[in-house]
Amino acid sequence: MIEYRFCPECGQPLDGRDLGEEEGFHPWCPDCGKLYVQPCPLELAAVLINRKGEILLAEEYGQPPALPRSPVGYGEWLEDAVHRACEQLVGSPPIVCEYLNSFWDEDSETLVAGMKVQCMESDVPHEGSYAPSGYVWRPMSEGRQLPAMERALLKLC
């Protein structure tokens with residue numbers, strides 16, 4: 001994350017400006033009046049769908065099923081994160097990806113962008129991938145077990 005100490009526009013030292021109890025202090029240039037708000041963490045929640053119409057779910061022991069998630073790097077395009085995640089999980093690039101919706105995850109304090117991803121030929125998680133074990137293809141109907149916000153993404157498919 002970029003921490004500004006000097007104004008990128010005019011080069012003057014930045015002050016802090018209080019934006020209230022919820023927002024806190026942010027860098028502010030008293031010379032040119034620009035406010036520099038730090039970006040919030042962004043994560044991808046992928047609804048990966050194979051050619052059989054099944055969805056890929058993360059099923060870790062003792063945890064409820066969930067959609068695969070992947071952090072989006074600072075400056076990384078969301079579409080590039082989708083391609084990276086799809087390559088890692090199923091070993092091939094997506095055929096089509098479509099933005100669904102975004103939501104704020106209170107637990108991780110992260111903005112989550114939901115994407116629908118049609119996968120290529122692979123029907124199982126890719127063996128040479130970086131994905132941990134515990135990812136399985138399930139019928140779309142098993143999405144009922146997902147957390148509420150992820151169920152809402154699934155309904156948009």
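Guide: Just after helix 1, Gly-91 takes a positive phi of about 80 degrees. Helices (H or I, at least four residues) and strands (E, at least two) are DSSP runs, numbered from the N terminus. This is a predicted model, where local features need pLDDT of at least 70, side-chain atom pairs count only at pLDDT 80 or more, and totals for chains, interfaces and linings use all residues. Residues are numbered from 1 along each chain as its sequence is written, and side-chain values use heavy atoms, with hydrogens and water left out.

Visitor: What pLDDT does the protein average?

Guide: The average is 83, and 85% of the residues score at least 70. pLDDT is the predictor's confidence in each residue, from 0 to 100. Over residues 127-131 it is below 50. Beyond near neighbours in sequence, that stretch has five contacts (heavy atoms within 4.5 Å) in the model.

Visitor: Why does Thr-110 count as buried?

Guide: Buried means under 20% relative accessible area, exposed over 50%, partly exposed in between (1.4 Å probe, protein chains only). Thr-110 has 9% relative accessibility, so it counts as buried. Thr-110 lies in strand 7 (residues 110-118). Among the residues it touches, beyond four places in sequence, are Pro-41, Phe-103 and Trp-104.

Visitor: How do you know that the span of helix 1 agrees with its 13 residues?

Guide: The expected span is 1.5 Å times one less than the number of residues. For helix 1 (residues 78-90) that gives 18 Å, and its end C-alpha atoms are 18 Å apart, so the two agree.

Visitor: What makes a nonpolar core, and which residues touch the most other members of the largest one?

Guide: A core is a set of buried Ala, Val, Leu, Ile, Met, Phe, Trp, Tyr and Cys residues joined through side-chain atoms within 4.5 Å. The largest has 19 residues, and Leu-44, Leu-48 and Val-117 touch the most other members. Helix 1 gives the most to this core, with seven residues. A second, separate core of 12 residues includes Ile-49, Leu-100, Leu-146 and Leu-154.
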